[in-house]
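Please look through the sequence and the model below before reading on.

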Amino acid sequence: MIPLRRIWGLMYRHLALYRRSWPRLVDLAYWPIMQMIIWGFTSHFFANRLGSAPAVTVGMLLGGVLLWETALRSHLGFAVTFMEEVWSRNLGHVFISPLRPWEMIAALTAMAAVRTALGVVPASILAALLYHFNIISVGPVLVLFLLNLMVMGWWVALGCISLILSQGGGAESLVWSMLPGLAPLAAVYYPVAILPHWLQPIALALPAAHVFEGLRAAVGQGVIRWDQLAWASGLNALWLSATALLFWQQFQAARRNGALMNIGE
Amino acid sequence: MTDAIHVESLTKRYRETLAVDDISFRVRPGETIGLLGGNGAGKTTTIAMLLGLLVPTAGRITVLGHDMARNRFAALAKMNFSSPYVALPARLSVAENLRVYGHLYNVRHIERRIAELAHELDLHGFLDRSAGKLSAGQKTRVALAKSLINRPELLLLDEPTASLDPDTGDLVRSWLERYRAESGCTVLLASHNMAEVERLCSHVLMMKQGRIVDRGTPSELLTRYNRVDLEEVFLDIARDRQAEIA
């Protein structure tokens with residue numbers, strides 16, 4: 001009961017911030033919608049030009065856009081929520097309260113889920129209205145795809161936060177560039193087989209590559225690739241454990257070297 | 001009776017720098033103790049270790065009966081901290097900020113507690129204003145309200161009246177005196193304001209270069225250094241005139 005209250009306390013802090021700042025709310029939905037519009041017209045153009053089945057081409061590309069945005073928004077939701085504490089120089093107060101580090105992680109995760117929903121749901125509705133692409137038509141397996149990509153967003157963000165604890169606010173740029181930098185390896189819009197041979201094992205170490213292979217099979221062939229989902233889930237468990245360990249080590253190091261006292265500097 | 005604070009052989013070293021050098025002290029429940037020293041004396045480092053924000057290199061801290069190395073969260077729930085140098089989220093209103101910390105400290109009947117604090121610290125005029133838009137005096141009162149939200153048994157104050165005009169500073173000091181008398185709260189006060197320390201503290205620890213170089217009640221220190229106020233004692237210690245006095 002008490003941990004839930006503390007977790008809610010940190011969530012309330014951020015929800016109150018959004019209630020008071022409409023630019024922050026607009027920002028949540030702006031990029032997913034822009035991506036959806038650009039890729040929607042692009043996929044229609046290619047489908048008509050190449051003479052391929054338009055529904056499948058549009059489905060693969062727009063499905064890719066929506067699912068990749070899920071990973072991106074989850075990552076940014078988690079990391080930016082932490083950065084808000086750094087920017088407002090409030091981390092000192094948070095860390096001297098009875099809030100445990102794992103409770104802070106739980107609050108960041110919940111806020112990431114809220115921010116992801118606020119970003120991706122409007123883009124999904126737009127995809128259905130403008131391009132007649134209903135992401136729900138992928139089927140119940142969609143939930144597993146989304147969950148795996150959200151978890152990937154969390155652990156990449158946890159890795160970024162660990163680096164900020166270790167290197168200070170100077171590592172902030174990693175928050176913005178880390179996950180977008182992994183996009184070429186995530187095989188969002190093309191199969192992993194397109195990549196050079198030496199790059200393929202690296203791509204396959206990322207859960208996202210397996211999710212998007214699974215998405216293409218579901219949209220193109222109507223097949224559910226449970227093997228890809230198992231790989232994605234297993235890799236997520238591995239990466240999440242590794243970054244959780246990294247976070248714990250860096251948090252303890254920050255308590256030893258005094259970084260928690262001046263992390264925004 | 002268990003000490004409110006028990007510090008034994010506390011040391012903090014950052015590579016080549018010895019920030020706190022083997023200090024020991026006890027604070028009894030209900031006592032107000034002053035931590036005095038110039039810049040770089042080790043006051044902030046000591047407070048950070050008392051709050052569990054910083055891990056000591058050596059030594060042991062027990063706060064309200066809890067070993068800070070093993071069970072710091074039990075102690076943190078019963079203590080709090082205020083400093084004009086640690087901000088509250090500027091975009092949140094005063095009431096929202098207090099609500100956040102009410103949840104983090106598991107305060108029952110938060111709205112009632114906020115109303116009490118608003119009455120005691122005269123926050124009513126700006127409860128709904130963003131914390132970032134307050135004057136220095138208002139920010140200090142809000143920071144104090146935040147530090148009292150959980151009715152702490154131990155209150156750590158780092159220069160609570162810094163940047164306040166004399167009138168507001170006096171109001172805050174009067175309020176602290178009254179609160180301490182009514183609540184029985186233990187207070188550790190770090191300050192550069194010697195008059196404030198003389199007025200509020202029953203004991204004083206004088207720090208210099210990471211060490212406690214003298215201690216006693218304000219009147220003991222004045223007698224020992226043959227001075228009329230703590231500011232002169234402070235200068236004697238800062239300028240190494242202890243040997244001459246002895």
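The model is a predicted one, in which local features need pLDDT of at least 70 and side-chain atom pairs count only at pLDDT 80 or more, whereas totals for chains, interfaces and linings use all residues. Residues are numbered from 1 along each chain as its sequence is written, while chains are lettered from A and ligands numbered from 1 in the order in which they are written.

Chain B is divided into domain 1 (5–78 + 154–245) and domain 2 (86–151), with bounds that come from an automatic or database domain assignment. The centres of these two domains of chain B, taken over C-alpha atoms, are 25 Å apart. Eight residues of domain 1 of chain B are in contact with seven residues of domain 2 of chain B, where contact requires that the C-beta atoms of two residues, placed from the backbone, lie within 7 Å. On the domain 1 side, helix α6 (residues 166–183) of chain B supplies the largest share, three residues; helices (H or I, at least four residues) and strands (E, at least two) are DSSP runs, numbered from the N terminus.

Chain B also holds an open sheet of four strands, in the order β2-β1-β4-β5, with antiparallel pairing; strands count as paired if DSSP finds at least two bridges between them. Because β2 (17–27) and β5 (66–67) of chain B stand at the edges with a single partner strand each, one side of each is left without a neighbour in the sheet. Strand β4 (residues 58–63) of chain B pairs with β5(B) over two bridges, and B:V63 has B:H66 in β5(B) as its bridge partner.

Turning to the two chains, their contact takes 26 residues from chain B and 28 residues from chain A. On the chain B side, α2 (72–76) and α3 (94–104) each supply at least two residues, and α3(B) gives the most, with six residues.

In chain A, helix α9 (residues 207–221) and helix α10 (residues 226–257) pack at an angle of about 160°, with their axes 8 Å apart; axes are lines fitted to C-alpha atoms, for helices over the stretch in contact, and angles run from 0 to 180 degrees between N-to-C directions. α9(A) is therefore roughly antiparallel to α10(A), a term for angles over 145 degrees. Among the residues that meet are A:P207 and A:H210 in α9(A), and A:Q228 and A:L229 in α10(A).

Conventions. Angles under 35 degrees count as roughly parallel, over 145 as roughly antiparallel, 65 to 115 as roughly perpendicular and the rest as oblique.
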